[in-house]
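Me: Here is a model I would like to go through with you. Let's take it in short questions.

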Amino acid sequence: MAEPDPLATPRIQLAHGGGGTLMQQLIDGELRRLYADPDQVLHDAARLSLPHGHLAFSTDSYVVHPLEFEGGDIGSLAVTGTANDLAMAGARPLVLSLGLILEEGLEMALLRRIVASLVDAARRCGVTIVTGDTKVVERGKGDGAFLNTSGIGLLQVDDPIDPLAIVPGDQLLVSGDLGRHGVAILAARHGLDLQPPLASDCMPLWPAVEALLAAGVRLHCLRDLTRGGLASALQELAAPNALELQIEEERLPVVEPVRRTCALLGFDPLHLANEGRFLAVVPEADRERALAVLAPAGGTWIGRVAAGPPLGRVLLRTPFGSERVLIPLSGELLPRIC
Amino acid sequence: MSAPAVLTAEVAAVRELARELVAITTRPWTLMEVCGGQTHAIVRWGLDQLLPPGLKLIHGPGCPVCVTPAATIDAARTLARRPEVILCSYGDMLRVPGSATGGDEPGDLLGVRAAGGDVRLLTSPLEALALARRHPDRQVVFLAVGFETTAPATALLVRQGMASGVANLSLLAAHVRVPPAMAAILTAEGNQVQGFLAAGHVCAVMGTTELEHLVDRHRVPVVVSGFEPLDLMRGLVACVRQLERGEARVANAYGRVVRQQGNPAARALLESVFEAVDRPWRGFGVIPGGGLGLRAPFRSLEAEARFADLQGGPAEAVEPVGVCISGSILQGRARPVDCPAFAGACTPEHPLGAPMVSSEGACAAYHRYGRRG
């Protein structure tokens, strides 16, 4: 049997963004399924009927390379990432916009997989995609596909979930083990053949936040542990309030394959990105209640908050009883992982 | 499902060794861990905080990127500017500043690349041969750095390069040998080092014979040590035990990796291609026997033999100018936090000296793990 002709593979062409027939075919054939109400796609703007209350609004762009990796792709990231940002404000994610910037030459089959993934992620996050836009850029001027999503959510808390609400005595919990997404991306990018493969932790965070609220946990702050990992999140929270965040390294949950891969490549799991993990800062009195909610999914207590120096700091107590100051990742950032 | 970053059994063993170290130490001692990888582990895990008060660790020069003379980097930069040259080396090497400044271009190889030079990163020396084959119209120059650990891989490149008959491959050979540097530290004026934790991976290749000679001549304990917290604590206990008893011999605290004879195949390969030569180390000056030079049958592969630009005598070890004290840090005479530029003018993003660039450099370790004084 003859090899398939690569030139015959259907691919994105510039005209798919040109507003003409091809664009209409792209929308009808591939993109219409993104919308719960297929007629939405015909309008310049979505009309929304939202519940009364305070809203949260967030936007994020996704430039991950490679576009597909173990346990997810740029589509699942784009929906989950923005929905999770809303959840971190204490808001139930409701609606999303979706901007697609496609590179000329992108395989149609890959676009179809990304669209399917967007649809599936929207269902899992409980959000509706209500408006969107598609552009095509010349070959070499994009990296397959760039996505942007903006989202609106309905706030479910009265007191703002905010770094400024953190006070000495608060307790620090993470919702699950660290570094899986970072390792999945590294593996895909560098062709590491991890056996068994390690899947990204990409998942919706709102259900866990909703469960914490339902259990009566007062949430002083939430932070998803995306780019820069737990280390960056802790840094960002320590500085504004001159706090010292004291972390027990022994309590940090890291699965063996992540630990081994990090040891091999010289990375610290604390700096690896996650796409389905968050840090919760709660009053000491609520710690056990929060743990009861988070522990069944692998969540755990990792440390406490104390008063700190003027610029704040993160102090890591090693398992051996020594201490070191955690500084922001520098000079060795892993580019474009989310 | 998930486990802590360190195994519980290892934690218990490290703590037990820390208690033992306190119990057996009756006097102040100063030890040097030779290898930058060991320095990183010590600072990463705060092992120095577990030591008895009088036991001092000095960080050694065991980072090949750090001790490569500025003049060698200058030579690589000179070649990389030539349009026909593809200059390749390991990642960290591309960011180490040479001695040349002036102009707007940063003084490292990446600066030459930004200005249009063809500078490439390799992860294995044999990639240089593949590059030479792929680009017969270009000159591929491999800047070969590293200790006895990476020299066998370079030796393999040399042998395959000669055998293949490619005419467009050459080497800037800057490999160095660790034991002569240990001797240089011991004989330097004002030396404080009373015992060594030797670099386990160097011994994994070379075995322990050269260290026996060092001990015979200088009468200091040398303990072959690994890179995990437990390996290092075992090394420290073994070294202090000897000092307390007035002994000086080679001990192997890294038996799970290191054999007395080393790796015979790798050694044979290395010794067939290289011989010991005097070589300048950054921070030290010329160390007798401190380098590995190509043996006569392979010298046609030396870049110096190919390019007139490089002729004019061996490179002097020019030190970086300004406030950077990396020379003293490499000799173990100062700590990174003693440098006025540390974490201020000198950071991993804007390094002034090699120890801040290399992933094994002492300054990079202090910076990465939050040591600030």
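Reply: First, a term: two strands pair if DSSP finds at least two bridges between them. Helices (H or I, at least four residues) and strands (E, at least two) are DSSP runs, numbered from the N terminus. This is a predicted model: local features need pLDDT of at least 70, side-chain atom pairs count only at pLDDT 80 or more, and totals for chains, interfaces and linings use all residues. Residues are numbered from 1 along each chain as its sequence is written, and chains are lettered from A and ligands numbered from 1 in the order in which they are written.

Me: Which residue in the turn between strand 10 and strand 11 of chain B has a positive phi?

Reply: Strand 10 (residues 274–281) and strand 11 (residues 285–294) of chain B pair antiparallel over seven bridges. Arg279(B) sits opposite Ile287(B) in strand 11 of chain B. The two strands form a hairpin with three residues between them. The residue with a positive phi, about 90 degrees, is Gly283(B).

Me: Which strands stand at the edges of the open sheet in chain A?

Reply: Four strands form this sheet of chain A, with mixed pairing, in the order 1-6-4-5.

Me: What is the bridge partner of Phe57(A) in strand 6 of chain A?

Reply: Strand 1 of chain A runs antiparallel to strand 6 (residues 145–155) of chain A. Eight bridges join them. The partner of Phe57(A) is Ile152(A).
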